[in-house]
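Hi everyone, thanks for coming.

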Amino acid sequence: MTATLEVSLWRGGAEGRYQVYEVPLRENQTVLDVVTWVQRNVDATLSYRFACRVGMCGSCAMTVNGRPRWTCRTHVSKVAAGGRLQIGPLENLPVIKDLAADMRPFFEKWQQAKGVFAPSKTRADAIEEIRPDGPARTAADDAIECINCGVCYAACDTVRWNSDYLGPAALTRAWSLVNDQRDAGNTARLQAVAASGGCHACHSHQSCQEHCPQALNPTAAIAGLKRRTMAAYLKGEIT
Amino acid sequence: MNVRLYVWQRGTAALMVPLVLVHVAVIFYATRKGMSAADILGRTRGSIAWASFYGVFVVAAAIHAAIGVRNILTEWSPLDDRRAGIFAIVFGIVLLLLGLRAVTAVVLP
């Protein structure tokens, strides 16, 4: 007899419910494998999102047994307590259908936080030399490995309480650009992250750091933004 | 919370750190010495130093607490930023008036 997992999957939109499926237990199996098995063998209408399956694209994050996780790199053996899995869409985001959360608010906040590189040179200028071990570059590098999976956003208490809060990922992206010596958009960026709903709304609960699959530290990035915006405010550079 | 409120809240917190320490030390001193209300009032009445100390303390506490209450309201109540701000300003003014009334009661001759 084949061993099975008892898997509850969220079905429907915001008003949906969990539905239980029996899925064969494999020796080596990720949470994404489980979802894919249900979609291919039980119900082809199950909606979910994935792309690379190797932890690079950040598209497969879901809520697994109450915690936001990247499902393609989460092994069932590590998280299936008592042979049971409950898998839902990411929290703090609208549900499109089943396990697919609507990521638009998440990425709109990247825009609000001025997460776009603002070039300071043209292609006619010489390439700027950046020391890889300089303090600013090191700080930018620490934050640059974000894969935009939304796990930190789903784990954040402040996002849950304050829908205007930009969230850990957008602020981490802003911190990366603030430390990029080639960028010319910092006054506007600091102004954006210093407004209501910006970095000062963070309570430093560190759920983002605890859950980040890339082991980044958004709380430290946000603390850096708090310091930098305060200095800019006291100098009169931002209001 | 925006950067302006953040600076005011952190600034008043930093200001209150030594004030709280002195305040606690004064409480210990007054109780361990067994000072009566009349003894205390004898030292505080007419004292510009105590009036300044507790006057600054009350102003800092009113600003600090009002900003904190505003934050709690924006996160935990249905009030929007503007309404929470109005409530916090009223709360801060009430705190300021009560505090200054207490200060004047012990320092005015």
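Let me begin with a question: leaving aside its neighbours within four places in sequence, which residues is D102(A) in contact with? Keep in mind as you look that this is a predicted model.

The answer is L93(A), P94(A) and I96(A), once those sequence neighbours within four places are set aside. To find D102(A) on your screens, go to the loop between β7 (100-101) and α3 (104-112) of chain A. Is this aspartate buried or exposed? D102(A) counts as buried, because its relative accessibility is 13% and the cut-off for buried is under 20%. Its side chain also has a polar partner: D102(A) makes a polar contact with the side chain of R104(A), at 2.8 Å.

Now, on to empty space. Rolling a probe the size of a water molecule over the atoms shows where empty space is left. How many cavities of 30 Å³ or more does that give us here? The count comes to 2.

The largest cavity holds about 130 Å³ of space. Its lining has 16 residues, and those nearest the centre are C146(A), C149(A), C152(A), C212(A) and L216(A). Two helices of chain A, α5 (151-155) and α7 (168-178), each supply at least two residues of that lining, and α7(A) gives the largest share, with 3 residues. By class, the lining of this largest cavity has 12 nonpolar residues, 4 polar and no charged.

The second largest cavity has about 90 Å³ of space. Here 14 residues form the lining, with C156(A), C202(A), H205(A), Q206(A) and C208(A) closest to the centre. In chain A, α6 (157-161), α9 (207-211) and α10 (218-234) each bring at least two residues to the lining of this second largest cavity.

The largest pocket has about 360 Å³ of space. Around it are 16 lining residues, and V26(B), I40(B), T44(B), W50(B) and Y54(B) are the closest to its centre. Which helices supply at least two residues each to the lining of the largest pocket? They are α1 (3-32), α2 (37-44), α3 (48-76) and α4 (81-107) of chain B. The largest share of that lining, 5 residues, belongs to α1(B).

By class, the second largest pocket is lined by 11 nonpolar, 2 polar and 2 charged residues.

Last stop: where the two chains meet. Chain A puts 16 residues into the contact, and chain B puts in 9. Between them, about 1200 Å² of area is buried, with carbon and sulfur atoms giving 61% of that. Which residues of chain A lose the most area to chain B? They are W161(A), H200(A) and Y233(A), which together account for 47% of what the chain A side buries.

Conventions. Residues numbered from 1 in each chain as written. Chains lettered and ligands numbered in written order. Predicted model: local features only at pLDDT ≥ 70, side-chain atom pairs only at ≥ 80, totals over all residues. Heavy atoms only, no water. 1 Å grid on protein atoms, 1.4 Å probe; cavity = no way out; pocket = protein on both sides within 12 Å on 5 of 7 lines; lining within 4 Å. Points joined across faces, edges and corners; volume = space filled by probe spheres on them. Helix = DSSP H or I, 4+ residues; strand = E, 2+ residues; numbered from the N terminus. Nonpolar A, V, L, I, M, F, W, Y, C, P; charged D, E, K, R; others polar. Buried < 20%, exposed > 50% of the residue type's maximum accessible area, 1.4 Å probe, protein only. Polar contact = N/O pair within 3.5 Å; in protein donor to acceptor, adjacent residues only side chain to side chain. Contact = heavy atoms within 4.5 Å. Buried area = accessible area lost by both parts, 1.4 Å probe.
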